Amino acid sequence: MTHDLQTNPDFLFVSRHHPEQLQCGTFTLPNGTRVDVLAPGIIQFEPTTAASDDIVLSCGVHGNETAPIEICDALVQRLLRGEQTVCQRVLFIFGNLQAMNIGERFVEENMNRLFSGEHSRGPGLVNAERQRAKLLEQTIADFYAKGTGQRHHYDLHTAIKPSQHEKFAVYPYRADGDYRQEWLRFLAACEVHAVLLSNAPTNTFSYYSAAQFNAIAFTVELGKVQPFGQNDMSRFAAAETAINQLVCEPQPPWPPHQLQDFSIYRVNQVILRQQEDFRLGFGDDVPNFTAFNEGDVLAEETGAIYKAQQNGEAVVFPNAKVALGQRALLTLIPAGQDDFVVPNGAVST
Ligand SMILES: [Zn+2]
């Protein structure tokens, strides 16, 4: 029997706009690739030959971060049409379909704070984002359980703010301290040359896969948010090529790892908003990774002044409007070879 996607390979369009019409199930492409349509926005490909890697590519966990969604959408369609063939097991996840449809980061709740079981804590599975996060966790668990290869998970995003590093990645905390430099090769091929080392557990998607399944996992920020169709895709060309090579070439031709190609940062201060009058010491237009000098005021509130503790201390993810007790700002200091095992501060984007 022919599957609908063999005549109309626009998997994401059907998932977003006619999810009730999506035909779930398994079929085989003429080139032998096995395709499992698991749910709206979730599709898996398996090659005919043994795979060395089990790769999760997720995008659209924030619905308005369009460029990675467009890259994955196009790749899924090429795979379904047989124009490209996977040589690894690959699970594509288009995270928040409803948020994509309204062009927003999320509908009710930031999904990238709902993993590692957070979806079921507090009020429980009260909204679509919490239910979806639970489904995505289970899907990844099943995917890795059926594979025997090296596990990867690249959770692809674009940043809201401008950044001194247009592309950067967050390396989730690893309890074993096993931060591997060679895993940065794929990032370099994506033209990601800045990496933040996190060292505390968090609720992000990439941390879930790293912590639960020992996957090579990163949150990858590929540039700045733009509406669908308005991305300058030339800025994403390297990432698109590297992603294609990751899933379709048994030995991707990436350059050897050189730490000097990267700006590596570790967390120095985690500044929480404790008072209603919390305010940042710099303007909204200050890009991520802007460096300050020792003594510069980074934020103030009743009872506290937060200053840079050393020259070159950089700021990321500033948000003075978070709820009381939540993180309003992270500061970073340069790290290096010796710092691949790092001090305090969870990093989540
Ligand atoms: Zn995002």
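Along the chain, the donors of the zinc ion follow the spacing H-x2-E-x91-H. Donors here are N, O and S atoms within 2.8 Å of the metal (3.2 Å for Na, K and Ca), and water is not among the atoms, so sites may look incomplete. H62 sits in the loop between β4 (53–59) and α3 (66–81), and H157 in strand β6 (residues 150–159), so the pair ties together parts that are 95 residues apart in sequence. Helices (H or I, at least four residues) and strands (E, at least two) are DSSP runs, numbered from the N terminus.

This is a predicted model: local features need pLDDT of at least 70, side-chain atom pairs count only at pLDDT 80 or more, and totals for chains, interfaces and linings use all residues. Residues are numbered from 1 along each chain as its sequence is written, and side-chain values use heavy atoms, with hydrogens and water left out.

Now the site itself. H62 (ND1), E65 (OE), E65 (OE) and H157 (ND1) coordinate the zinc ion at 2.0 to 2.4 Å. Angles among the 4 donor atoms run from 58 to 146°, and the site is irregular. H62 counts as buried at 1% relative accessibility. H157 is buried too, at 0%. Buried means under 20% relative accessible area (1.4 Å probe, protein chains only).

Next, the packing. The largest nonpolar core has 59 residues, of which I43, F92, F94, L187 and F218 touch the most other members. α3 gives the most to this core, with 8 residues. Such a core is a set of buried Ala, Val, Leu, Ile, Met, Phe, Trp, Tyr and Cys residues joined through side-chain atoms within 4.5 Å. A second, separate core of 19 residues includes V56, I93, Y144 and F213.

Key:
Tetrahedral: all angles 85-135°; square planar, octahedral: opposite > 155°, others 65-115°. Buried < 20%, exposed > 50% of the residue type's maximum accessible area, 1.4 Å probe, protein only.
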